[in-house]
Amino acid sequence: FTPADAELWECDPIEFIRTCYDIMEDCTSLRVAASSLMVDLCRKRTKTCLKPMVEFVHTVFQEYAAGGGDPGRKDGAMYCFGAIAAQLQEDAVPELTQVVWSMILEFVATDLKS
């Protein structure tokens, strides 16, 4: 989430959404490439990558909730969380289940209310 993204979001949120979900943009997007790598790592190396990724996302959410976080980092963490959601559902790692549900209720659901 760059300053240009923030400006577009403020001026024209519909255009922001359109550009974020443009299929042609996905071919050249660094964000999409990074998330594809992260998803592949979590899929192929679940034991060593999935738990640290969830812990990282949780840390970013906590920092933001405490008032010291950057909105761009939170946006990235939300994108990351969404990208690994399918992997979390497939693997259902018992020690992550409670953390994932608490993140959804505490951070994601509260954002959807606003």
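User: Where is Lys 74 found?
Analyst: In this predicted model, Lys 74 is found in helix 5, which covers residues 71-83; helices here are DSSP runs of H or I with at least four residues, and strands are runs of E with at least two, numbered from the N terminus. Residues are numbered from 1 along each chain as its sequence is written, and side-chain values use heavy atoms, with hydrogens and water left out. Local features need pLDDT of at least 70 and side-chain atom pairs count only at pLDDT 80 or more, while totals for chains, interfaces and linings use all residues.

User: Is Lys 74 buried or exposed?
Analyst: Lys 74 counts as buried because its relative accessibility is 10%, where buried means under 20% relative accessible area, exposed over 50%, and partly exposed in between, with a 1.4 Å probe and protein chains only.

User: And which residues does Lys 74 touch?
Analyst: Leaving aside residues up to four places away in sequence, Lys 74 touches Val 60, Phe 61, Tyr 64, Phe 107 and Asp 111, a contact being heavy atoms within 4.5 Å.

User: Zooming out, how many helices and strands are in the chain?
Analyst: The chain has seven helices and zero strands, and its C-alpha trace spans about 45 × 35 × 20 Å along the principal axes.

User: What percentage of the chain's residues count as buried?
Analyst: Of its 114 residues, 25% count as buried.

User: What about contacts between residues at least 6 apart in sequence?
Analyst: Among those contacts in the chain, 56% join residues at least 24 apart.
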